[in-house]
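Reader: I'd like to talk through this model with you. Could you put the sequence and structure up?

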Amino acid sequence: MEACCYDSPVKLSVVIPALDEAERIEATILGALDSPAPTAPSTGSAIEVLVVDGGSQDQTRHLAEAAGARVLESAPGRARQLAAGAEASGGEAILFLHADTRLPRGWSAAVRRALGDPAVAGGAFHLEFDERSPTMRWIEGFVRVRIALWGLPYGDQAIFLRRRVLDAIGGVPQVPLMEDLDLVSRLKEHGRLVMLRERVTTSARRYREQGVVRTLIRHWVALSAWRLDIDRARLADWMGR
């Protein structure tokens, strides 16, 4: 396997697919812009944030623009929205961010440090939930085991990669679901995947709304089906996607 041999990028693009995320989109964008602390040195590099809206009926688009993002419109579907954002972005590296996931302060410096190694094709962050209950902490541990065993971060862990790698793999995989695992799997064919020590904070709303046990079962069935290469359309129908 040949490693990627690109210089550390100067400009970062953050692509956020959104659908009716008015409650969360402003905070997500402000975290993505990664304003340094008053005493911190400037990185001297730009960050652009693109929100790709899939047809929101609330104030998502308006709030995203007011928060400093460039807003695009797309047919709904995370893979389609990610692809539209990546195509419109101008960064030498792209980070895909869920609308309900917050990046930590200093994330951009951490990404640039990682990509300073030419053997690194991309990476992701460790995960924590906004609900700090014992159950959510147990699930965080479960995620760490998945990463240790298979090296497969999910999309809510803010996957980033070099634009040239994304071009080399043919863009964001256009599948009904599990596009994040397809992306990571193909990314690793072009270099090393790194897991940053910094943590993103994602919403536990799916676990609250659908139930912890049911959500975990669905995740494990989806992961198993992906590993067994079961037809993605059938899997999407089963999951109601």
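This is a predicted model: local features need pLDDT of at least 70, side-chain atom pairs count only at pLDDT 80 or more; totals for chains, interfaces and linings use all residues.

Reader: Which helix is Val184 found in?

Author: Look at residues 179–187, a stretch that takes in Val184. That run is helix H7.

Reader: Is Val184 buried or exposed, and what is its relative accessible area?

Author: Buried means under 20% relative accessible area, exposed over 50%, and partly exposed in between (1.4 Å probe, protein chains only). Val184 counts as buried because its relative accessible area is 0%.

Reader: Which residues is Val184 in contact with, leaving aside neighbours within four places in sequence?

Author: Contact here means heavy atoms within 4.5 Å. With those sequence neighbours set aside, the partners of Val184 are Gly151, Leu152, Pro153, Ile159 and Leu193.

Reader: On to charges: how many salt bridges does the structure hold?

Author: The criterion is a side-chain nitrogen of Lys or Arg within 4 Å of a carboxyl oxygen of Asp or Glu. By that rule, the salt bridges in the structure number 13.

Reader: How far apart are the closest N and O atoms of Arg61 and Asp53?

Author: Asp53 is buried, at 1% relative accessible area, while Arg61 is partly exposed, at 28%. The two form a salt bridge, and their closest N and O atoms lie 2.8 Å apart.

Reader: Where in the chain are Glu73 and Arg61, and how many residues apart?

Author: Glu73 also forms a salt bridge with Arg61, the closest N and O atoms being 3.8 Å apart. This pair links distant parts of the chain, with Glu73 in strand E3 (residues 70–73) and Arg61 in helix H2 (residues 60–66), and the separation is 12 residues.

Reader: Which residues are linked with Arg24 in a network of salt bridges?

Author: Start with Arg24 and Glu21, a salt bridge whose closest N and O atoms are 3.9 Å apart. Arg24 is partly exposed at 22% relative accessibility, whereas Glu21 is buried at 8%. The network links Arg24 with Glu21, Glu23, Asp100 and Arg205.

Definitions and conventions: Residues are numbered from 1 along each chain as its sequence is written. Side-chain values use heavy atoms; hydrogens and water are left out. Helices (H or I, at least four residues) and strands (E, at least two) are DSSP runs, numbered from the N terminus.
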